[in-house]
Amino acid sequence: MLVVRPAGSADFDSLMELAVLSGRGFTSLPEDEPTLRERLALSEASFQAGVAPLEAWYTLMLEDLETGVVDGVAGVKAAVGIKRPFFSFRVVTLAQSSPVLEMRFDHKALVLVNECAGWSEVGSLFLRPEKRKGGAGRLLAQSRYMLIGIEPQRFSEMVLAELRGWFDDDGSCPFWEHLASKFFRLDFDQADLMSASTNGQFILDLAPRHPIYTELLAPAARDVIGKVHRDGEAARAMLEREGFRYQGLVDLFDAGPTVAAPRDDIRTVRDARRLRVKIGEDAFGEEALISTTEVSRFRAVRAAVLIDGEAAILDRATADALGVGEGDHVRVKA
């Protein structure tokens with residue numbers, strides 16, 4: 001059985017392995033030991049309410065209980081843009097006209113903005129390639145919303161997700177090569193690591209302050225604005241099924257799209273029910289997403305459950321995986 005659980009300091013080796021597998025452009029999983037160890041420490045403190053609510057960053061691990069192998073990672077930030085700006089490019093339309101010539105033109109342009117300050121963020125979703133079928137990704141993705149739904153007040157009324165932008169088969173990033181690198185004068189990997197491991201002051205110092213007309217860009221860069229990485233299409237589809245929508249915002253480095261949704265309208269947050277546990281002898285009923293009801297003891301699985309009024313009848317293996325017993329409560333999303 002697969003279970004989603006809080007990350008801890010003992011998960012460093014697994015997290016580093018996933019970071020290596022994630023490849024270029026996965027900013028939230030840098031191959032940097034101090035950054036990953038700090039993230040694990042912050043996650044432990046977040047689950048135990050040991051940090052200020054807006055500074056919490058919850059990291060979740062997908063573990064195979066039979067093998068003990070960690071197959072994936074995901075995260076939820078309580079708020080972005082609080083201690084450091086959360087810059088994006090907004091894609092805008094600038095209209096220009098000449099009555100004398102009786103002509104009008106609409107120009108697409110990129111404008112630096114910091115619109116999402118204070119929003120919560122779901123992200124860092126990554127699974128081992130061999131685990132991307134069979135529902136593991138869905139479990140890991142939805143577990144983030146089950147966590148949010150336990151205590152919604154810990155999170156913002158708006159929730160965003162940034163999707164990785166386009167990289168060519170040779171690993172190059174057209175948007176970075178043709179635009180962003182002109183302002184930051186760094187290798188992509190160096191800028192990506194600095195973005196993840198510093199306070200982001202270099203972005204504030206160097207990012208362009210004036211609109212950039214997309215018609216002036218090389219077609220290779222212009223054509224990938226808002227385009228999702230080939231490995232991110234499934235993640236985007238899952239986000240859209242939950243109610244997330246493109247916001248007209250793209251990443252400064254790779255032009256990947258930002259999607260967002262009101263917290264209380266996210267399907268899993270909205271539809272999950274709090275039910276009392278009953279233990280049955282065998283697994284029966286329809287498969288559903290099931291989680292605990294306490295942030296500090298968070299665990300989530302997909303398993304068979306029979307809903308009987310206000311009771312959720314689970315088999316013993318499912319109850320043990322969740323760490324719950326007869327009379328405890330769980331949240332269930334059918």
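This is a predicted model: local features need pLDDT of at least 70, side-chain atom pairs count only at pLDDT 80 or more; totals for chains, interfaces and linings use all residues.
Colleague: What makes strand E7 (residues 158–162) and strand E10 a pair?
Modeller: Two strands pair if DSSP finds at least two bridges between them. E7 and E10 have 5 bridges, in the antiparallel sense, so they meet that rule. The elements themselves are DSSP runs numbered from the N terminus: a strand (E) has at least two residues, a helix (H or I) at least four.

Colleague: Why is E10 described as largely enclosed?
Modeller: Of the 6 residues in E10 (257–262), 5 are buried, so the strand is largely enclosed by the rest of the structure. Buried means under 20% relative accessible area, exposed over 50%, and partly exposed in between (1.4 Å probe, protein chains only).

Colleague: Why is Thr 214 called buried?
Modeller: Its relative accessibility is 7%, which is under 20%, so Thr 214 counts as buried. Thr 214 is in the loop between strand E8 (212–213) and helix H7 (219–222). Leaving aside residues up to four places away in sequence, Thr 214 touches Lys 108, Ala 109, Leu 110, Arg 222 and Ile 225, where contact means heavy atoms within 4.5 Å.

Colleague: What makes Glu 55 and Lys 83 a salt bridge?
Modeller: Side chains of opposite charge can pair when their charged atoms come close. The rule asks for a side-chain nitrogen of Lys or Arg within 4 Å of a carboxyl oxygen of Asp or Glu. The closest N and O atoms of Glu 55 and Lys 83 are 3.4 Å apart, so the pair qualifies. This pair links distant parts of the chain, 28 residues apart. With 69% relative accessible area, Lys 83 is exposed, whereas Glu 55, at 37%, counts as partly exposed. By this rule there are 17 salt bridges.

Colleague: How do you know that Asp 71 and Arg 128 tie together separate parts of the sequence?
Modeller: Their side chains meet in a salt bridge at 3.5 Å, N to O. Asp 71 lies in strand E3 (70–77) and Arg 128 in the loop between strand E6 (120–127) and helix H3 (136–150), so the pair joins parts 57 residues apart in sequence. Asp 71 and Arg 128 are both buried.

Colleague: Why is Glu 115 called partly exposed?
Modeller: Its relative accessible area is 39%, which falls between 20% and 50%, so the term applies. Glu 115 forms a salt bridge with Arg 90, with the closest N and O atoms 2.8 Å apart. Arg 90 has a relative accessible area of 22%, so Arg 90 is partly exposed as well. Elsewhere, salt bridges that share partners join Glu 17, Asp 71, Arg 128 and Lys 131 into one network.

Technical notes:
Residues are numbered from 1 along each chain as its sequence is written. Side-chain values use heavy atoms; hydrogens and water are left out.
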